[in-house]
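Student: Could we go through this model together, taking the aromatic residues and the strands in turn?

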Amino acid sequence: MNMQGNAPAFLFLVGDIHHSGVMQEFVWRNVLEGSGFRLRFAQSANFVTPEELSRTDVFVVCRYAGGDDIGWGPGRFVEERVDRGSFLTPALEDAIVGNVRRGMGLIATHCSIYNAASTKFLDVLGVEQPHMHGPIVPVSVHKLNQSHPITRGLEMELFIIGNELLIGEIQDT
């Protein structure tokens, strides 16, 4: 339950030209099935507004800098693509950062680190300088924080086979 006594409200902005939003929604819905969380998937970055973020307990993003996936349009048929939303505009960056500071959770996965011009967003992530990934290789994740509720109890070394490693130079704290 959130502070208002309701099921936590998740807002997702996932998918771009290189990362299928349909598949990500499918996976997230399967992972969180039965959780009781309220799951909302934005069809465009244009729909992720300061007002929507203010009603969100956890914002999940998997988008690199750029326009919405060209597979979506507001009408039944598309003759011309117009008004593609963009992640990450300065106004959306300010809204995300402001809401994280008020207590909204942020799950920024995979390519979200690749928003080099969005320094306030990267600062919230603790990233000084993002780097684009190299080839698809086995990736080892280690040094999991055992005192954090999300990673508590997970093995100290986890292997993810066949992924793109996106690297960010971590800020000194």
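**Surface, aromatic rings and strands**

Tutor: Let us start at the surface of this predicted model, where Phe-26 has a relative accessible area of 54% and is therefore exposed.

Student: Which residues form a nonpolar patch on the surface, and what is their accessible area together?

Tutor: Phe-26 belongs to helix 1, which spans residues 21–31. Together with Met-23, Val-27 and Val-31, Phe-26 makes up a nonpolar patch on the surface, and the accessible area of these residues together is about 410 Å².

Student: How many aromatic pairs are there, and why is the pair of Phe-10 and Phe-12 stacked?

Tutor: With ring centres required to lie within 6.5 Å, the count comes to five aromatic pairs. For Phe-10 and Phe-12 the centres are 6.1 Å apart and the planes stand at 20 degrees, so this pair is stacked; the cut-off for that class is under 30 degrees.

Student: Is Phe-12 buried or exposed, and what is the sequence separation in its pair with Phe-41?

Tutor: Phe-12 has a relative accessible area of 0% and is therefore buried. Its ring also forms a stacked aromatic pair with that of Phe-41, at 4.2 Å centre to centre and with 10 degrees between the planes. This pair links distant parts of the chain, since Phe-12 lies in strand 1 (residues 9–14) and Phe-41 in strand 2 (residues 38–41), and the two are 29 residues apart.

Student: Why do Phe-10 and Phe-41 count as buried, and which residues do ring pairs link into a cluster?

Tutor: The cut-off for buried is under 20% relative accessible area. Phe-10 counts as buried because its relative accessibility is 7%, and Phe-41 because its relative accessibility is 13%. The cluster linked by ring pairs consists of Phe-10, Phe-12, Trp-28, Phe-37 and Phe-41.

Student: How many residues of strand 3 are buried, and which of them point one way and which the other?

Tutor: Strand 3, covering residues 58–62, is mostly covered, with five of its five residues buried. The buried side chains are divided between two directions, with Phe-59 and Val-61 pointing one way and, the other way, Val-58, Val-60 and Cys-62.

Student: In strand 3, which residue is the bridge partner of Leu-13, and which residue in strand 6 stands opposite Phe-59?

Tutor: Strand 3 pairs in the parallel sense with strand 1 over five bridges, and here the bridge partner of Leu-13 is Val-61. Strand 3 also pairs in the parallel sense with strand 6 (residues 105–108), over four bridges. In strand 6, the residue opposite Phe-59 is Leu-106.

Definitions and conventions: Residues are numbered from 1 along each chain as its sequence is written. This is a predicted model: local features need pLDDT of at least 70, side-chain atom pairs count only at pLDDT 80 or more; totals for chains, interfaces and linings use all residues. Side-chain values use heavy atoms; hydrogens and water are left out. Rings of Phe, Tyr and Trp (its six-membered ring) pair if their centres lie within 6.5 Å; planes under 30 degrees apart count as stacked, over 60 as edge-to-face and the rest as tilted. Buried means under 20% relative accessible area, exposed over 50%, partly exposed in between (1.4 Å probe, protein chains only). Two strands pair if DSSP finds at least two bridges between them. Patches are made of residues with over 30% relative accessible area and no salt bridge: like charges are joined within 9 Å, nonpolar side chains (Val, Leu, Ile, Met, Phe, Trp, Tyr) within 5 Å. Accessible areas come from the Shrake-Rupley method with a 1.4 Å probe; for residues, only the protein chains shown count as cover. A salt bridge is a side-chain nitrogen of Lys or Arg within 4 Å of a carboxyl oxygen of Asp or Glu.
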